[in-house]
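Subject: Structure handover

Hello,

Here is the structure I promised to pass on. Please open it before reading further.

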Amino acid sequence: MSSITTRDSPRGFSAAEYMTCLTGIVWREGLRFLHQRERFISALVRPLVWLFIFAAGFRQVLGISIIPPYETYILYEVYIAPGLMAMIQLFNGMQSSLSMVYDREMGNMRTLLVSPLPRGFLLFCKLLAGTAVSLLQVYAFLLIAWFWDITPPAIGYLTVLPALILSGLMLGSLGMLISSGIKQLESFAGVMNFVIFPMFFASSALYPLWRVQEGSPYLYYLCQANPFTHAVELIRFAFYGQINWISLAVVAACTIVFMIGAILAYDPSRGLARRGPAGGE
Amino acid sequence: MPRLEAAAVPAMSIDGVSHSYGPRRALMDVSFNVQPASFTALLGLNGAGKSTLFSLITRLFGIQSGRVGIFGHDISKSPGEALRLLGVVFQPRTLDLDLSLTQNLLYHAALHGISRREAAARSGELLGRIGLSERAGSKVRDLSGGQMRRLEIARALLHRPRLLLLDEPTVGLDVKARADIISHVRQLVTEQGIGVLWATHLFDEITAGDDLVVLHQGKVLAQGPMSRVITDAGAQDVNTAFMRLTGAQTMPGGGA
């Protein structure tokens, strides 16, 4: 059978084709996002509830001492703002990746996966697109938070961008990795309980880790080992024009590991193949 | 059994493909070819393994054993070249309902690396051919079932594939829409020389000149030109031939 070849010689793909594909995927994700106004509003309301209600109520309970990157005493609202930015990305990453599991989305996933471009590249584009959407959500949040006296130095809005891109990619690829392992997604609740809540609460998003250490050393170590803590700290420092190198290293390493894991999981000979027939009655 | 006609690279060759979901065997040693410029009907009841086969060809699942080639390109070894020559219409709808017709087409073109300008030109042309030019800017959600299917076919043709797979494309459509789609796809075969694999359980969608592959419980029971399959089964029509071959008691959609 080796004599069977076609006259079209394989030609691979040009850089322009890769670029077209990337912009196409980001463009579509953006369009879909604009059409899903409820998703945008709930993505915005969630952190604002924390900011307006939780932080206001909690302000008197928890004293914040001066810890880097802060140079003065700060209000609790100011402390949790970076954690809330990361929370937006956490939800977005889980939602956009897990939505792939839904049947309707499975259809959309199919159109993506029959693209002739390498599958790893397609998934990477998808992650970038999801991250871009999370950036829109975060900056909308920051705009409102500004009126609530969350006012970093102006340059902070710029320096936080690369941190947000990296943390967005990390959380998106984590979601994609989880989505590949889930057979059926009856509800978002399971992921909420087992991924989002533990990650969010066992992190430095709501309380500085030195306070956690006073209460429970074990929880402290758990928080330190939580990649989400490092995403929060990376964002927190970048928001004030600084770099937290340890967090940067952890987030970068986790991004690479999760992304490779997700790409392997969506390799047709592995992850999805273990699943039952999709759409085949 | 390789066919030896002149320069006969089949549009698609399926060689000894088997697939299991755990202990359940969905496909058993399935082999058949689709020739260029031919209409091959993959006939089977629900659960025969048609959708599994489609999932393997489109790389949704990995191939456990056997080989799928598209114009000689092994789908596992050089998926890029194989998928480039392949257009697919899946059974479940896979359009973005909230996007416009044009936006859906442009997205698909981007996935194939087709530049924006070229994509816009081809989209306009294809929308014209399926008679939906005036609807180009409306949301897909507002289309009828038949129009959506026509759009999906147009989308599958956007990157100019030479092989088109359709998985029960007429499910849920009314008589008129069904007839439109069948005649459109048959035109693609005769006018553009596209090889078509049409999965169905509706006997009346098949006509005398078609190639037929009868798939039942994961096995190919018969294949070849329709007339031969019927004679070999000692029957007068597809309906009876299918019943004899499978021992089926029911005739879904038979002769409707």
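Below is what turned up, starting with how to read the model.

This is a predicted model, in which local features need pLDDT of at least 70, side-chain atom pairs count only at pLDDT 80 or more, and totals for chains, interfaces and linings use all residues. Residues are numbered from 1 along each chain as its sequence is written, while chains are lettered from A and ligands numbered from 1 in the order in which they are written.

Chain A

Chain A has 11 helices and zero strands. Helices (H or I, at least four residues) and strands (E, at least two) are DSSP runs, numbered from the N terminus. Of its 281 residues, 43% are buried. Buried means that 20 or more other C-beta atoms lie within 10 Å of the residue's own; exposed means 12 or fewer, partly exposed is in between, and C-beta atoms are placed from the backbone. Take the contacts in chain A with a separation of 6 or more: 80% of them join residues 24 or more positions apart. A contact needs C-beta atoms, placed from the backbone, within 7 Å.

The core

The largest nonpolar core holds 149 residues. Such a core is a set of buried Ala, Val, Leu, Ile, Met, Phe, Trp, Tyr and Cys residues joined through C-beta atoms within 7 Å. L90(A), I235(A), L163(B) and V214(B) touch the most other members. Helix α3 (residues 76-98) of chain A gives the largest share of this core, 13 residues.

Six strands form an open sheet with mixed pairing, in the order β6-β7-β8-β3-β9-β10 (chain B). β6 (86-89) and β10 (219-225) of chain B are at the edges with a single partner strand each, so one side of each has no neighbour in the sheet. Strands pair if DSSP finds at least two bridges between them. β3(B) and β9(B) are parallel partners, with four bridges. One bridge joins L42(B) to V213(B) in β9(B).

Helices around the sheet

α1(B) lies across β3, β7 (163-167), β8 (195-200) and β9 of chain B, at about 145° to β7(B). Helix α6 (residues 175-192) of chain B also packs on the sheet, touching β3, β7 and β8 of chain B, and makes about 155° with β8(B). These angles run from 0 to 180 degrees between N-to-C directions, with axes fitted as lines to C-alpha atoms, for helices over the stretch in contact.

How many residues of helix α1 (residues 50-57) of chain B are buried? Eight of the eight are, so the helix is largely enclosed by the rest of the structure. Just after α1(B), R59(B) has a positive phi of about 70°.

In helix α8 (residues 238-246) of chain B, V238(B), A241(B) and F242(B) are buried. They span an arc of only 100° around the axis, so they sit on the same side of α8(B). That arc is taken from the directions from the helix axis to the C-beta atoms. The buried residues of α8(B) pack against β3 (39-43), β9 (211-216) and α7 (226-232) of chain B. G247(B) follows α8(B), with a positive phi near 65°.

Best wishes

Notes. Contact = placed C-beta atoms within 7 Å.
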